[in-house]
Amino acid sequence: MHDDPLKTTASTRLTATTPTPADEVARICAELIRFDTTNRGEGVAHPERPAAEYVAGLLDETGVRPMIVESAPGRASVLARVPGTDPSAPAFLIHGHLDVVPADPAEWTVPPFSGEVRDGCVWGRGAVDMKGSLAMTLATVRRRLREGRRTRGDLVLAFLADEECTGDYGSRYVAREHRAFFEGCTEAISESGGFSVDAGGTRIYPIATGERGTMWMRLTARGTAGHGSKPAPDNAVAELAHAVSRIAAHTWPVRLTSGVRALLDGLADALGTTIDHDRLDAEAARLGGVGRLFTGTIRNSANPTRLDAGYKVNVVPGMATAEVDGRYLPGTGAEFLATVDRLLGPKVTREFINYEEAPVADPAGPTFAALADSLRAEDPLARPVPYVMAGGTDAKAFHDIGITSFGFAPLLLGPELDYLGMFHGVDERVPLDALAFGTRVLDRFLDTR
Ligand SMILES: [Zn+2]
């Protein structure tokens with residue numbers, strides 16, 4: 001794992017037919033999309049192994065010795081460590097995921113696993129989430145190694161299975177079973193940030209500095225089972241329905257965390273406006289596209305997502321269950337649970353299906369500044385701002401082993417592309433120009449590591 005990547009015959013062979021970075025990133029993105037790595041959740045997934053072998057091959061060609069690790073048959077992740085030039089410098093991690101969410105071909109303009117290039121874009125499931133980002137990382141690292149340019153600290157790469165579920169077969173597995181591989185890493189970059197959002201002449205680039213935490217819960221109501229024709233004063237189905245209804249109807253109060261405050265300050269500054277913190281819903285609507293950067297992170301949320309009870313119309317079941325997707329802002333976990341318990345009432349119990357803390361990165365530190373500088377160097381109109389993600393990524397698993405992730409997969413996009421709408425959406429696609437831009441930004445950023 002500490003082989004010198006510059007001493008291999010493979011790297012010399014590569015320089016003979018050096019592709020341009022723009023060609024290479026597009027080719028890798030398309031080829032990655034052609035591996036169907038659909039993750040349906042709950043352990044049902046197309047194995048990531050073929051895609052992992054492809055990624056490992058690309059790294060191997062540059063002389064890096066990647067390691068493929070499997071958490072279960074076929075559920076493969078790739079780990080690689082490129083030695084830096086200064087053993088005293090901190091290692092830096094870039095992580096991303098190989099799996100994608102399902103796609104229904106009937107809804108798509110092109111077959112979703114075709115990786116077709118059309119109208120200046122690579123099309124397919126994963127183009128933005130996040131095989132395009134993996135391609136940028138791979139093309140950038142390959143180019144730097146071909147040119148003999150290394151980071152000061154070790155550069156650690158992780159291409160992971162199972163992000164689109166809980167990460168149990170990917171990030172959580174490697175964080176637990178291969179923790180030593182991440183020795184010396186304190187910071188990382190990964191998905192969901194660094195892309196441009198058009199704001200009428202200004203380009204806002206949100207860089208993720210945190211996520212809401214996750215509390216997925218199973219609710220259970222118990223009552224007396226019996227005949228459907230008899231009085232049923234403690235009907236489990238009715239108790240559960242009341243509790244679910246109270247949760248769905250609850251209006252969560254605005255809770256401004258430091259991360260979201262930093263975004264609001266950054267937006268106000270970049271747009272030359274003031275943002276009234278007392279009427280943030282109206283302000284989000286006024287600000288349009290950039291307003292969506294905070295609508296999901298000024299409150300906690302709890303959405304009922306599954307219901308299960310009964311087996312026959314004339315039988316009152318003794319038990320009914322529901323599942324709730326709860327998300328909470330950093331520092332508000334206790335308040336969130338107290339509210340949920342009050343809404344559930346005394347007859348419905350809860351248990352966690354998944355619990356993950358809310359990770360936080362520093363928007364005022366040197367790494368954020370270096371990420372922002374790399375964007376500004378490639379786009380003079382760039383206005384980078386910190387933001388908090390409403391959902392979650394593998395950053396949570398790395399947070400648990402002391403690694404702070406920034407969401408940074410840089411893309412310069414035209415105003416016509418609804419980038420945020422394409423995550424898990426139909427006709428996911430990424431412009432070739434944007435991929436080439438991203439590799440240049442990443443390359444500049446890696447110069448600072
Ligand atoms: Zn993703």
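Helix α4 is followed by G148, whose phi is positive, near 70°; helices (H or I, at least four residues) and strands (E, at least two) are DSSP runs, numbered from the N terminus. The model is predicted, so that local features need pLDDT of at least 70 and side-chain atom pairs count only at pLDDT 80 or more, while totals for chains, interfaces and linings use all residues. Residues are numbered from 1 along each chain as its sequence is written, and side-chain values use heavy atoms, with hydrogens and water left out. Of the 20 residues of α4, 19 are buried, so the helix is largely enclosed by the rest of the structure; buried means under 20% relative accessible area, exposed over 50%, and partly exposed in between (1.4 Å probe, protein chains only).

The protein donors of the zinc ion are H97 (NE2), D129 (OD) and E191 (OE), which lie 1.8 to 2.1 Å from the ion, and along the chain they follow the spacing H-x31-D-x61-E. D129 lies in helix α4 (residues 127-146) and E191 in the loop between β9 (185-190) and β10 (197-198), so this pair ties together parts that are 62 residues apart in sequence. D129 is buried, with a relative accessible area of 5%, and E191 is likewise buried, with a relative accessible area of 5%. Donors are N, O and S atoms within 2.8 Å of the metal (3.2 Å for Na, K and Ca); water is not among the atoms, so sites may look incomplete.

Side chains of opposite charge can pair when their charged atoms come close. The structure holds 40 salt bridges, each being a side-chain nitrogen of Lys or Arg within 4 Å of a carboxyl oxygen of Asp or Glu. One of them joins R142 to E61, with the closest N and O atoms 2.8 Å apart; R142 lies in helix α4 and E61 in the loop between α3 and β3, so the pair ties together parts that are 81 residues apart in sequence. R142 counts as buried at 2% relative accessibility, whereas E61 counts as partly exposed at 29%. Another salt bridge is formed by D443 and R149, at 3.1 Å from N to O, and it links D443 in helix α14 (residues 432-447) with R149 in the loop between α4 and β8 (155-160), 294 residues apart.

The domain assignment, which is automatic or comes from a database, gives domain 1 (5-210 + 358-446) and domain 2 (211-356). Their contact (heavy atoms within 4.5 Å) takes 28 residues from domain 1 and 27 residues from domain 2. The area buried between domain 1 and domain 2 is about 2,200 Å², of which carbon and sulfur atoms give 60%; buried area is the accessible area (1.4 Å probe) that two parts lose on being put together, summed over both. In domain 1, A358, V388 and K396 lose the most area to domain 2, together 25% of what that side buries. Between domain 1 and domain 2 the count is 4 salt bridges. Elsewhere in the list of charged pairs, R383 forms a salt bridge with D269, the closest N and O atoms being 3.2 Å apart. On the side of domain 1 that touches domain 2, β11 (203-211), β18 (382-389), α12 (395-399) and α13 (419-422) each supply at least two residues, and the largest share, 6 residues, comes from β18.
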